[in-house]
Amino acid sequence: MANGDREPGADAPAGGFVQLLTPDGERVDSVTTADGTTYTVDFTDEEYRELYRDLVTVRRLDAEATALQRQGELGIWASLLGQEAAQVGAGRALRDGDMAFPTYREHGVAWTRGVDPLHVMGLFRGVDNGGWNPAATGFNLYTIVIGAQCLHATGYAMGVQRDGAESAVLAFLGDGATSQGEVNEAMIFAASFAAPVVFFCQNNQYAISVPLERQTRIPLYQRAAGFGFPGVRVDGNDVLAVLAVTRAALQAAREGQGPTFIEAFTYRMGAHTTSDDPSRYRLASELEEWKLRDPIARLKAYLSRSGLADQAFFDSVDADGDELAARIRSGTLEMADPPGTSMFDHVYAEQTPQLAAQRAEFEAYHASFEGEK
């Protein structure tokens, strides 16, 4: 795929964010923001189709995982419904050698980095802590502690900087995480050392049940100015714009220009997690309004209108998604529960006396139930 370039182009849209594909599926050649930065993409026909395939596949993966949780096969699931474009666009902007630091919702980014979905399922089923190799995939393990991954990403980026490597780091966070101390500390360090890290905020409008207007008085991307680096808002439901903006920010980081804060303006169409009931804090009419901005529908409209894809293509993508869902289901159901003592195996590189005592106590406690029905 071609780079997201910084060159003269059209004025920024009145909506206040970078948008290269409208909700109706109309293509915009390029967008220039107030600071003079221009964003554009130049894809082959096949690359457009592959982005659509990514979006549909990721949504199908998410739907299957939600169903598995409802059937008691996963302990919990954090849905990405509605945020597919933000994740696929950001993930596809990464190059080999780059590293991504996710929260617990970046299943779409995991897909773009080649992580087997079954490794993600194992984490939410509780059979392991994540079965993929971060060094091999360029995708770190999920982080549950809100905002902590931003510190990890900044530290990693400072290490990359000192190694002289021509790579960049992408840290994911939500709108609610911007209120966390760790995030602000990470941005101070990143700015002070010009670390090659991009902070990618998926503003899905709610920090669990707290709406955006109760979290900030200004658009989130404007906070970057207070730390001394650029901030940009992008239509998070536009996969083309997300890819262009993220690619440009990552390239700037590689070139020594320091961090960038990206606010992907999107919407969480599902619940925060499967233990949440969003109907208690938001209106159904709001959800219906955002459905009109669906990231998959707009790219499908563009592909159809421009003659880049026909119904046979769309049907084949859906069929491949069904096949993946079946593999996810069967693979998840076949996962064996690990022995309880496995929780002690990888706490430290070498077992400590305290850990050995805890393990012995655990084994003795469970042995006391032997013979009972």
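## Strand E9 and its two faces

Thr 260, Ile 262 and Ala 264 point one way from strand E9, while Phe 261, Glu 263 and Phe 265 point the other way. In a regular strand the side chains alternate between the two faces of the sheet. Whichever way they point from E9, these residues are all buried, Glu 263 included. Strand E9 spans residues 260-265, and six of its six residues are buried, leaving the strand mostly covered. Please keep in mind as you look around that this is a predicted model.

## Neighbours of E9

Let us look to either partner of the strand. Strand E5 (residues 197-203) runs parallel to E9 and is joined to it by six bridges. Here Asn 203 stands opposite Phe 265 of E9.

Strand E8 (residues 231-235) also runs parallel to E9, with five bridges joining the two. In this pairing, Val 232 is found opposite Ile 262 of E9. Both Phe 265 and Ile 262 are buried, and they belong to the two sets that point opposite ways from E9.

## The sheet as a whole

Stepping back, these strands belong to an open sheet of five, in the order E3-E4-E5-E9-E8, with parallel pairing. E9 therefore sits between E5 and E8 in the order E3-E4-E5-E9-E8, given that strands pair if at least two bridges are found between them. The edges are formed by strand E3 (99-101) and E8, each of which pairs on one side only. From one strand to the next, the twist averages 20 degrees.

Helix H6 (residues 148-163) packs on this sheet and touches E3, strand E4 (169-174) and E5. The direction of H6 makes about 170 degrees with that of E4.

## Helices H2 and H9

Two packed helices are described by the angle between their axes and the distance between the axes. For helix H2 (residues 84-93) and helix H9 (residues 239-254), the axes come within 8 Å and cross at roughly 35 degrees. The crossing of H2 past H9 is right-handed.

On the H2 side, the contact is made by Ala 85, Ala 86, Val 88, Gly 89, Ala 90, Arg 92 and Ala 93. H9 contributes Val 239, Val 242, Leu 243, Thr 246, Arg 247, Leu 250 and Arg 254. Sorted by class, this contact has nine nonpolar, two polar and three charged residues.

## Confidence in the model

The protein chain has a mean pLDDT of 93, and 95% of its residues reach 70 or more. Residues 1-15 call for a separate word: pLDDT stays under 50 there, and the model has 43 contacts beyond four places in sequence for this stretch.

Terms used
Residues are numbered from 1 along each chain as its sequence is written. This is a predicted model: local features need pLDDT of at least 70, side-chain atom pairs count only at pLDDT 80 or more; totals for chains, interfaces and linings use all residues. Side-chain values use heavy atoms; hydrogens and water are left out. pLDDT is the predictor's confidence in each residue, from 0 to 100. Contact means heavy atoms within 4.5 Å. Axes are lines fitted to C-alpha atoms, for helices over the stretch in contact, and angles run from 0 to 180 degrees between N-to-C directions. Helices (H or I, at least four residues) and strands (E, at least two) are DSSP runs, numbered from the N terminus. A crossing is left-handed if the near helix is turned anticlockwise from the far one by less than a right angle, and right-handed if clockwise. Ala, Val, Leu, Ile, Met, Phe, Trp, Tyr, Cys and Pro count as nonpolar, Asp, Glu, Lys and Arg as charged, and the others, Gly among them, as polar. Buried means under 20% relative accessible area, exposed over 50%, partly exposed in between (1.4 Å probe, protein chains only).
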